[in-house]
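Open the model in your viewer and follow the stops below.

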Amino acid sequence: MTSKILLSRRGLLASGLALGASAWIPSARAAAPIKVAGIHGSPVENAWNSVLHKALQDAAAEGAIEYVFSEGVSGPDYPRAMREYAEQGAKLIIGETFPVERQAREVAGDYPETSFVMGSSGKEAGDNFGVFGTWNFDGAYLAGMLAGKMTKSNIVGSVGAMPIPEVNMLINAFGEGVKSVNPDAKHLVTFIGTFFDPPKAREAGLAQIEAGADILFGERIGTADAAKERGIKAVGSLIDYTPRYPDTVFANALWGFRPILNAAIADAAAGKPVGRDYTAYGLMKEGGSDIAFVKGVAPAEAEAAMEAKRAEIKAGMFEVPRIMEEPK
């Protein structure tokens, strides 16, 4: 018999890791809500964008912000969308600038009264361009510890978008978790070259299974479809995929955007510069990320070792390696 546990509070994580939100909400409600625009490069059903979208929707439902958004905005159109929302009076613009870093900073320079806080592989710029990263690599490392003790073929696989630092760090963390408990395990890595193409991620996963992988880490949505099709286990990323794949996904490296969003809204509403890095609010020790897993799938001793390591991470006694080079 297996049972689902979240290693603390599933409800908080499912709602975008609301840690810190309740303390901030009363003051936010006391002031007039600011207009916040979300510019999503992929459809909001995409895992990463869904986390941002849900956090923004929740903040709007609580009366903290007015929220408008666009989804599926391509790279060439992205700077134009930024300008349009700035012209429309958005106080804060949330989005992603991975493919358009230079152009996005140029737009921010043209609208100094607008705050931009963007998912980015680059640095903050000026007073009004802040950045954040998706640092759920703590959970990926812990999931890797479980996978390393579960694999029978001694081969695991990871399917990622493209080899940018954020994605590299996540996949490398999973691999490091595997090797920390199983040094002889082989880690296959495939990049699909896009942030949203579930069929392509599925094909990449099937190819890794053909190469011997018996556990897949899905940095991209669609990977679990390959695992389900071939009857092996998978690890999800960003959101909890277990309800969608109850017999396939046994662990998830979760990430929540709400703590980052709260900090950005507070700064923008107070007229403070947002030109800083908000990434750390998403770390496990800050309550911004975690792991959800199905208890009883991995060996009991593997679960116990993983939970002990998680406690060390939360206490600041252990730091998961941050390896941003492309996995080999």
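Accessible areas here come from the Shrake-Rupley method with a 1.4 Å probe. By that method, the chain exposes about 13,100 Å². Carbon and sulfur atoms supply 52% of this area. Keep in mind that this is a predicted model.

**Whole chain.** Switch to cartoon. Along the principal axes, the C-alpha atoms fill a box of roughly 55 × 40 × 30 Å. Buried residues account for 55% of the 328. Of the contacts between residues at least 6 apart in sequence, 69% join residues at least 24 apart.

**Largest nonpolar core.** Select Ile-65, Leu-92, Ile-94, Phe-132, Leu-146, Trp-255 and Phe-257. Among the 80 residues of this core, these touch the most other members. Now color helix 6, residues 137-150: its nine residues are the largest share of the core.

**Leu-146.** Zoom in here. Beyond its neighbours within four places in sequence, Leu-146 contacts residues including Phe-250, Ala-251, Phe-293 and Met-306. Glu-303 is also in contact with Leu-146.

**His-187.** Go to strand 8, residues 186-191, and pick His-187. Is this residue buried or exposed? His-187 counts as buried because its relative accessibility is 17%, and the cut-off is under 20%. Show side chains: a polar contact of 2.7 Å joins His-187 to Ser-158.

Definitions and conventions: Residues are numbered from 1 along each chain as its sequence is written. This is a predicted model: local features need pLDDT of at least 70, side-chain atom pairs count only at pLDDT 80 or more; totals for chains, interfaces and linings use all residues. Side-chain values use heavy atoms; hydrogens and water are left out. Helices (H or I, at least four residues) and strands (E, at least two) are DSSP runs, numbered from the N terminus. Buried means under 20% relative accessible area, exposed over 50%, partly exposed in between (1.4 Å probe, protein chains only). A polar contact is a pair of N or O atoms within 3.5 Å; within protein, one must be able to donate a hydrogen and the other to accept it, and residues adjacent in sequence count only if both atoms are side-chain atoms. A nonpolar core is a set of buried Ala, Val, Leu, Ile, Met, Phe, Trp, Tyr and Cys residues joined through side-chain atoms within 4.5 Å. Contact means heavy atoms within 4.5 Å.
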